[in-house]
Amino acid sequence: MHFFKDRGFAHPLPSEVTPPAVYAQRRALLRQWAAGGVGTALAGWAGRDALAQGSRPGKLAPLPGARSAVAGATTMEKPTAYADVTTYNNFYEFGTDKADPAKNAGSLKTRPWTVVVEGEVRKPGTYDIESLLKLAPMEERIYRLRCVEGWSMVVPWVGYSVSELIKRVEPTGNARFVQFVTLADRAQMPGLRSSVLQWPYVEGLRMDEAMHPLSLLSFGLYGEVLPNQNGAPVRLVVPWKYGFKSGKSIVKIRFVDKQPKTSWEEAAPSEYGFYSNVNPGVDHPRWSQATERRIGEDGLFAKKRPTLMFNGYEAQVGQLYAGMDLKKLF
Ligand code: MTE
């Protein structure tokens, strides 16, 4: 989100526009590929883009997931290439440019790792990441992720519903919201030197949102553990909300009775509300939210896609917001 550097209007970053020479080269490669003339020099490029469900990039430890039975958990859209999913990221703890997390997140130590569960629960405690990995069966969920900046991806995540953990810690009747607190360690995260956000990065959901089966506690993608830049070793993925609701590298889950603070709301309350549901009918104060650019389809003449209400998950989650004014409660 580059509005802090770029007050005024939203325009694509140079890195978001494919240079014409690269575009022409890609067209040539595609023609060659179609004609059956793929040489070994092209195998890397073509292989990466062809990588889809079922195939592993082979870069990190395997973490397979069974196909999920949760309604809406598997979009039929083509997954975004692994290379794009892991190099075009928002993880401000490692820098604000899209390429920064992939460059800088190598310093993140993901073992040992614990997640503290506290607040309005009968069974608070500290969960070791190894025990979290075994808490429930791993599933593969192919979700669209739509960033508030106007781009989207399709990612084969691996994990299980957050509700699996919530059920086990037995929330009390006072638990109305869940806050997710992520790691803030200056020694590992160069981005904390910047005051672009208040650290730690915090996010929150209403209890019924967190309990919805589509709300995912994710430990992996593309059949392997999460790359650091995507929020290792554990992150949230809430597919019907803008990407920033999906906190990365979670260290604490807190059950509370009042609507908790969230980082983006604190930084710019008029631009980022608590709910942050994907809603093409509510413009961001400085740009439209009606369309989106799919990462990987960013040739010069690539058409933008219309953004769908609740990012296309309306059938599954629409009833959570029945009777709410989603223009006011954005
Ligand atoms: N979590 C933390 N801790 N820090 C961040 O800066 N950025 C958010 C979200 N989670 C962010 C975060 C935003 S704005 C988006 S769009 C998604 O992560 C991006 O996830 P991805 O890089 O895996 O696509």
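I looked up Thr 182 first: an N or O atom in its side chain is 3.4 Å from a nitrogen atom of the ligand, a polar contact being a pair of N or O atoms within 3.5 Å. The model is predicted, with local features needing pLDDT of at least 70 and side-chain atom pairs pLDDT 80 or more, while totals for chains, interfaces and linings use all residues. Numbering runs from 1 along each chain as its sequence is written, and side-chain values use heavy atoms, without hydrogens and water.

I then checked Ser 246, where a polar backbone atom is 2.8 Å from a ligand nitrogen. For Asn 89, I found a side-chain N or O atom 2.7 Å from a ligand oxygen.

I looked up cover next: the protein takes 99% of the 540 Å² of accessible area that the ligand has on its own (Shrake-Rupley method, 1.4 Å probe).

I noted confidence last. The protein chain has a mean pLDDT of 88, and 84% of its residues reach 70 or more; pLDDT is the predictor's confidence in each residue, from 0 to 100. Residues 3–50 stay under 50. Where pLDDT is low, predicted coordinates should not be read in detail.

How values were computed:
Polar contact = N/O pair within 3.5 Å; in protein donor to acceptor, adjacent residues only side chain to side chain. Contact = heavy atoms within 4.5 Å.
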